[in-house]
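Below is a short note for a colleague who is meeting this structure for the first time. Please read the points in order, with the structure in view.

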Amino acid sequence: QVQLVESGGGLVQAGGSLRLSCAASGRTASPVAMGWFRQAPGKEREFGAAIRWSAGSTYYADSVKGRFTISRDNAKNTVYLQMNSLKPEDTGVYYCTYRATTRGTYYYWREDSYEFWGQGTQVTVSS
């Protein structure tokens with residue numbers, strides 16, 4: 001079982017920055033991938049960013065491309081999401097995700113590609 005602990009959320013003004021962290025524990029093997037999804041008030045949860053652990057390949061939703069950067073620290077089994085130029089529409093709960101399995105095809109934008117989810121951290125961007 002993998003435990004994911006998120007941190008770094010909070011309240012920021014539009015144009016500001018935040019850095020989210022997600023530390024994974026409970027498993028000796030490295031993940032196949034980790035990512036971030038988010039859910040705005042009254043909306044469905046959506047893909048934000050993801051990273052393949054071994055290759056370091058990154059993927060972004062169009063809405064965050066150029067403003068957000070996902071990265072990882074292999075030694076700490078931690079994934080980060082640096083969020084710059086934040087907009088009020090970035091407000092929501094941000095969820096860290098973890099893919100352990102090497103079986104099947106990995107679709108980074110799909111929720112069912114990730115077996116483990118964090119509890120979420122709130123990000124609020126004021127205008």
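**Notes on the model**

1. N77 counts as buried, since its relative accessibility is 13% (buried means under 20% relative accessible area, exposed over 50% and partly exposed in between, with a 1.4 Å probe and protein chains only). N77 lies in the loop between β7 and β8, and, leaving aside neighbours within four places in sequence, N77 is in contact with C22, A23, A24, R27, P31 and W53 (contact means heavy atoms within 4.5 Å). The C-alpha atoms of N77 and R103, which are 26 residues apart along the chain, are separated by 21 Å.

2. This is a predicted model, in which local features need pLDDT of at least 70 and side-chain atom pairs count only at pLDDT 80 or more, while totals for chains, interfaces and linings use all residues. Residues are numbered from 1 along each chain as its sequence is written, and side-chain values use heavy atoms, with hydrogens and water left out.

3. A75 also has its place in the loop between β7 and β8, but A75 is exposed, with a relative accessible area of 78%. Between A75 and V5 there are 70 residues in sequence and 16 Å in space, C-alpha to C-alpha.

4. The protein has 11 strands and zero helices, where strands (E, at least two residues) and helices (H or I, at least four) are DSSP runs numbered from the N terminus. Of the contacts with a separation of 6 or more, 56% are accounted for by residues 24 or more positions apart.

5. The largest nonpolar core holds 35 residues, of which L4, M34, W36, V79, L81 and M83 touch the most other members; such a core is a set of buried Ala, Val, Leu, Ile, Met, Phe, Trp, Tyr and Cys residues joined through side-chain atoms within 4.5 Å. Among the elements that give two or more residues to this core are β4 (33–39), β8 (78–83) and β9 (92–99). Not counting residues up to four places away in sequence, M34 touches L4, C22, A24, A50, I51, W53, I70, V79, C96, T97, Y98 and Y114. In soluble globular proteins, nonpolar side chains tend to be buried together.

6. As for overall dimensions, the C-alpha atoms fill a box of roughly 45 × 25 × 25 Å, taken along the principal axes. Buried residues make up 44% of the 127 residues in the protein.
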